[in-house]
Amino acid sequence: CVQTLGLPEDRIHFCADATLNEMRMAINWITDIGEAFGEEAKVLFYYAGHGVADDSSRSSFLLPVDGSGRDPESGYATDKLYAQLGAMPVGSVVVMLDACFSGAMRNGEMMVESRGVAIRPKEAEPTGNMVIVSATTGDETAAVYAQQGHGLFTYFLLKKLQETNGDCSLGELVEYLQRRVNQESIVANKRPQTPTVIYSEAMIDQWQDIKFK
């Protein structure tokens, strides 16, 4: 963000191994910034980690370090996240998730041993000026790229931004991710992984042109 995109450090909030309360505080910080700067602000929210879905409602949650895969509601509900970020009066909100919500871990095993079938979480409903780019489609697993020390999605995300020095549109980035992540997952993991993009109605004709610099 600093070296490639040229963002000032005081506009970046990094939270490693976050607890649920730390997630809440970080997201509240983002919304405070959005309220203060309004339409001149462009928000980028990036999350890498575990996700989990509720068996009955198929609602999805980001899983904090103090959460449990057996109790989805110990996580941060993505519905709440999208509603909070989508309500900001900003120029655009891009949410990037290197996580899956099927209950599977990056190695393909199930997070909860008693759960034998992966869950297909319900589709996100972005609001406001929001675009959501996810590492997977449906009940796929967001796999690790072991030799590179990243998730597949994150590795190719960083690669594209660095190769272009951040001078690429969101449409170009998504096209690249969908092609390269799936190619490498088929070769390395013997299973597909296709990143998806979902956008609010307000961004139908705009999302592809969003720039990072």
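**View 1. Aromatic pairs in the predicted model.** A search of the whole structure finds five aromatic pairs. Rings of Phe, Tyr and Trp (its six-membered ring) pair if their centres lie within 6.5 Å; planes under 30 degrees apart are stacked, over 60 edge-to-face, the rest tilted. Y145 and F156 are stacked, 5.9 Å centre to centre with 20° between the planes. Y145 sits in strand β7 (residues 144-145) and F156 in helix α3 (residues 152-163), so their pair ties together parts eleven residues apart in sequence. Helices (H or I, at least four residues) and strands (E, at least two) are DSSP runs, numbered from the N terminus. This is a predicted model: local features need pLDDT of at least 70, side-chain atom pairs count only at pLDDT 80 or more, and totals for chains, interfaces and linings use all residues. Residues are numbered from 1 along each chain as its sequence is written, and side-chain values use heavy atoms, without hydrogens and water.

View 2. F156 is buried, at 1% relative accessible area (buried means under 20%, exposed over 50%, partly exposed in between; 1.4 Å probe, protein chains only). Y155 and F156 pair edge-to-face: 4.9 Å centre to centre, 80° between the planes. Y155 is buried too. Ring pairs link Y145, Y155, F156 and Y176 into a cluster.

**View 3. The open sheet.** Four strands run in the order β1-β5-β6-β9, with mixed pairing (two strands pair if DSSP finds at least two bridges between them). The edge strands, β1 (42-48) and β9 (196-199), each pair on one side only. Seven bridges join β1 to the parallel strand β5 (residues 92-98). Y47 has L97 of β5 as its bridge partner.
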